[in-house]
Amino acid sequence: MKNIRELYRREQHPVRVLQIGEGNFLRAFVDYAIDAANEENGFDGNVAIVMPRARKNERFASQDNLYTVCLRGQKDGKPYKENRVIRCIDSVLGAYDDYDAFMKLAELDTLRFVVSNTTEAGIVYEDGDRFDDCPPKTFPAKLTKFLFARYRHFHGAADKGLVMLPVELIDHNGETLKRCVLQYAALWHLEDGFQSWLDEACIFASTLVDRIVAGYPKDQAAAYEAELGYTDCLLDQGEPFGLWVIGDPRVRDMLPISTDKLQVEFTEDIEKFKEQKVRILNGAHTSMVLGAYLAGFDYVGQCMKDKAVRTQLEQSVFGEIVPTVHLPEEKAKAFAAAVFERFENPFVNHALLSISLNSLSKWRARVLPTLKDSFEKNGRLPKWLTYSFAALLAFYHTTEQGDGCLIGHRGAGTYEIHDDADKLEQIAKWAGGPDAEYIHEIMSQTGWWGEDLTKIAGLEQAVAGHFARIAKIGAKAHIEELGAQE
């Protein structure tokens, strides 16, 4: 079978993007977006990749930096398949093996953006990094040296500043990155003009990204290559949905890469988009999965095909969650509709038990704020979000301890409950007493929830009622009866 490089050629565009990181997500998200924008929007830009830690890049060289992104999922109510050969990667360098070539990129007149994904622990400041290190250890230190080299080469020209677009999964990633860079500039006693240039000519934009990327489909690689007609050791699999929120409207006209393939939003209030994702996508998962597992389901796709669980999800998302999101209703509803298609993805088996990990902290972050906002807005407790807490208590209700977990029971089978060890120890103790005390003890733990949940008017009684019905008739029957209520 032929290699991908025998059938395709890289496109020739100016290098406009420096990408720190070569991982699956960046290649199936950022590089995919740029490749599509070259085709659809005339972006006219290529990417230079710098691997911040790895020392070898033979995989890229063997394929002339070409690779395929295979998207599989649900779109517009139908199964969706897309195979896109990414042809916008100009070069792939190692920060260590190709240090001089990496720093030479700072002199490119066409360069405009720096994208990074160095993991959640990548944006850090360590005072052990030295300016003379080639390169320094941390990503922000590498970036500081790179930006200083550009500042020096272009004599501090205001139009040669760069736009930093970190996609690391931390809050305020742009502000955090800038803070680290300024710390290194101070540590290394770099000239005052450089610090002014960072403030005035450069942009450090916080971002939010959303796309599930599975990476190289090892178990299905042969089938993919048979379908494609070539070998590709860099093949990257993901879902069709893609959203990139950039928290600085000034970048909008600089970066025209939003297409029907991947949506890009520019906003001054990125927190509202984060709230949308946490409440609708993550909140829908957290409020559904524990009760659904007790009802006999194992995968998200199964839940979407069941009438009762589907009703729960529709009523909770569109009736209880969407109205609390602080974005225009049409945006929140469109995002929710996309979430349903993602849950229906026929190419992914997302196990409920994998989503159940650390559900106590997840419920606090993803569901509790929505429940409180809904209660305040409507003057009544939201039925399904209240039920979801009872389902959590039912899922965790056991005295049996395993190896670093609790052991729950579903019918004749068992399942593992994984959460903070001290919380599980307390739960196992309380589960041995009366149900009312079990419920009260958990709900009154202010350290767990940030407040005493028993003080929310009517919540303890409502949760106890749901808990009792689950115990008496089972989770599935209770979901069905709740769905039939007005």
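Glu 480 counts as partly exposed, because its relative accessibility is 41%, where buried denotes under 20% relative accessible area, exposed over 50% and partly exposed the range in between (1.4 Å probe, protein chains only). Salt bridges that share partners join Asp 35, Glu 39, Glu 82 and Arg 84 into one network; a salt bridge is a side-chain nitrogen of Lys or Arg within 4 Å of a carboxyl oxygen of Asp or Glu. The model is predicted, so that local features need pLDDT of at least 70 and side-chain atom pairs count only at pLDDT 80 or more, whereas totals for chains, interfaces and linings use all residues. Residues are numbered from 1 along each chain as its sequence is written, and side-chain values use heavy atoms, with hydrogens and water left out.

Glu 480 also takes part in a salt bridge, its side chain meeting that of Lys 476 at 3.6 Å, N to O. Both residues belong to helix α21 (residues 475-484), where Lys 476 and Glu 480 are four residues apart, about one turn of the helix. Helices (H or I, at least four residues) and strands (E, at least two) are DSSP runs, numbered from the N terminus. Lys 476 is likewise partly exposed, with a relative accessible area of 25%.

Side chains of opposite charge can pair when their charged atoms come close. By the salt-bridge rule, the count comes to 34. One of the pairs consists of Asp 210 and Arg 342, whose closest N and O atoms are 2.7 Å apart. Asp 210 lies in strand β9 (residues 207-210) and Arg 342 in helix α12 (residues 329-343), so this pair ties together parts that are 132 residues apart in sequence. Asp 210 and Arg 342 are both buried.

A further salt bridge links Glu 275 to Arg 279, with 3.7 Å between the closest N and O atoms. Helix α9 holds both Glu 275 and Arg 279, four residues apart, about one turn of the helix. Glu 275 and Arg 279 are each buried.

Gln 19 is placed in strand β1 (residues 15-20) and is buried, with a relative accessible area of 0%. Apart from neighbours within four places in sequence, Gln 19 is in contact (heavy atoms within 4.5 Å) with Leu 26, Val 30, Asp 31, Val 47, Ala 48, Ile 49, Val 50 and Val 115.

Gly 296 occupies the loop between α9 (270-294) and α10 (300-305). Gly 296 is partly exposed, at 41% relative accessibility. The C-alpha atoms of Gly 296 and Arg 112 are separated by 52 Å, the two residues being 184 residues apart along the chain.
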